Amino acid sequence: SSSSGDSLPKISSKGSSSSSVLAALMESQYTELMELMGHAGMLEPLEKVVGKGSITIFAPRNAYMEQQVDSEFKHFLLEPGNIKHLRQVLKHHIVPGKIMSEDWSNRTVRTLSTETVRIHSHRGINRVELSEVTSPNDINKKDGVVHGVNGLLVPRSVQEAFSVKKLGSSANALLPQASPEFDPLGASLAEMSKEFQDFLEAAESPLPLEFAYAPEVAPAPAPGPSSGKHRVYTWEDVDDFVSTLANFGGYNEMAELLVNLTSFAWDMAKLVNEGHRLTLLAPNDHAMDHLTTEQLNAPGGLEAILMYHVLTEYQTEESLYNAVRRFEKVKFLTLWQPHTIHAKETDGTVQFGEGESGALLYDHDIFTDGHISIQGISKVL
């Protein structure tokens, strides 16, 4: 409604060259993104920017913006006092210089928000962070290229601000130090030109991977499956839980399965972004060695195995053990619905499954962040 600030005025391409990437956007399936740019007062500064160089825009389609962006988050961005956050989100979709789909490579690039995004390919699909490039090179003009993506890119600084707003207090004991903000509205044309040239020079040589990471902060206690705490799960988070599993020792095959043989790590992150909490029961390398060639090569076999090892709730060693001690036998729903896994106490630990085919809780709490938990087990279920 207009009273909530969620209604935006329509914009037109008047004043933009017909050969401009911005004009093409105004007559495309990405007009919702352009209307947000108009609301944020960014169109005129962007026209000056593309007049001196070229840009790459990662653009969510109208259908995604209208139906899949969290309404509470969108309302947060459109609040009058949060226009700086809206601009940061919009600038986070724009990279200086043209990156064509055929030039895609696994690297970190700096956006106009001064924060970075990870562009990479997985199983032949180009991605920006966790978002898939669904329409590569969709608009290609001399001053820019637009790639359609199936997600909204949110910089870490805005994620933290939204978490603080939603929770009513600081989301972490320490927040990462934000990069200096570049506000196109408050900069003169000369300053914008210099800033843009700096971005262009930085874009010519890929930034190191470490640039994408925020400073380490002390993790907050795991909030549990029903706390209501929520933040956007990003590429860094996916890398975090997969790297933790790989570096723990003895779980390299499961880590390989999550990111290289399937896209399951990205699927888990998407589920977390939808509000789900998950527990991965990860068989160790010794257990994985017992999988047969037939099981590994069956169509959809790897995905089915993984889905059966993910509980649709967040559990730690303590909560699992307390549950089986209290109720003797507990049934957990898996992602491979309607299949379930039974758990019980055995020899002072937790056993999943029945009889000799059951698996014991082997390495507990390999990774726990309140959203995804990884528990090592002794057999493939």
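Guide: Start at Val 128. Its bridge partner in strand S6 is Ser 131.

Visitor: Which strand is joined to S6 there, and by how many bridges?

Guide: Strand S5, residues 125–128, is joined to S6, residues 131–141, by 2 bridges. The two run antiparallel. Strands pair when DSSP finds at least two bridges between them. Helices (H or I, at least four residues) and strands (E, at least two) are DSSP runs, numbered from the N terminus.

Visitor: Before we go on, what kind of model is this?

Guide: This is a predicted model: local features need pLDDT of at least 70, side-chain atom pairs count only at pLDDT 80 or more, and totals for chains, interfaces and linings use all residues. Residues are numbered from 1 along each chain as its sequence is written, and side-chain values use heavy atoms, leaving out hydrogens and water.

Visitor: Back to that hairpin. Which residue takes a positive phi in it?

Guide: Glu 129, near 55°. The hairpin of S5 and S6 has 2 residues between the strands.

Visitor: What else does S6 pair with?

Guide: Strand S7, residues 144–149. That pairing is antiparallel, over 5 bridges. Look at Ser 135: it stands opposite Gly 148 in S7. S6 and S7 also form a hairpin, with 2 residues between them.

Visitor: OK, new topic. How many helices and strands are in the chain?

Guide: 15 helices and 14 strands.

Visitor: Which strands form the open sheet?

Guide: There are 7 of them, in the order S9-S8-S14-S13-S12-S11-S10. The pairing is mixed.

Visitor: Which strands stand at the edges?

Guide: S9, residues 310–311, and S10, residues 329–333. Each has a single partner strand, so one side of each is left without a neighbour in the sheet.

Visitor: And S11 with S12: how do they pair?

Guide: In the antiparallel sense, over 4 bridges. S11 covers residues 340–346 and S12 covers 349–352. Thr 346 stands opposite Thr 349 in S12. The two strands form a hairpin with 2 residues between them. Asp 347 is in the turn, with a positive phi of about 50°.

Visitor: How many bridges are there between S12 and S13?

Guide: 2 bridges, again antiparallel. S13 is residues 359–368. Find Gln 351, and its bridge partner in S13 is Leu 360. This hairpin has 6 residues between the strands, and Gly 353 takes a positive phi near 90°.

Visitor: Let's go inside. What share of the chain counts as buried?

Guide: Of the 381 residues, 48%. Buried means under 20% relative accessible area, exposed over 50%, and partly exposed in between (1.4 Å probe, protein chains only).

Visitor: How many residues are in the largest nonpolar core?

Guide: 38. Such a core is a set of buried Ala, Val, Leu, Ile, Met, Phe, Trp, Tyr and Cys residues joined through side-chain atoms within 4.5 Å. Leu 25, Met 37, Ile 57, Phe 73, Leu 90, Val 146 and Leu 152 have the most contacts inside it. Among the elements that give it two or more residues are helix H1 (21–25), strand S1 (55–60) and helix H7 (156–167).

Visitor: What does Phe 73 touch?

Guide: Val 89, Leu 152, Val 154, Val 158 and Phe 162, not counting residues up to four places away in sequence. A contact here means heavy atoms within 4.5 Å.

Visitor: How many residues of H6 are buried?

Guide: 7 of its 9, so to speak mostly covered. They are His 85, Leu 86, Arg 87, Gln 88, Val 89, Leu 90 and Lys 91.

Visitor: What about contacts between residues 24 or more positions apart?

Guide: They account for 66% of the contacts in the chain with a separation of 6 or more.

Visitor: Last one. Where does Gly 300 lie?

Guide: In the loop between helix H13 (293–297) and helix H14 (301–308). Gly 300 is partly exposed, with a relative accessible area of 43%. Thr 262 is 38 residues from Gly 300 in sequence, yet the two are 9.8 Å apart in space, C-alpha to C-alpha.
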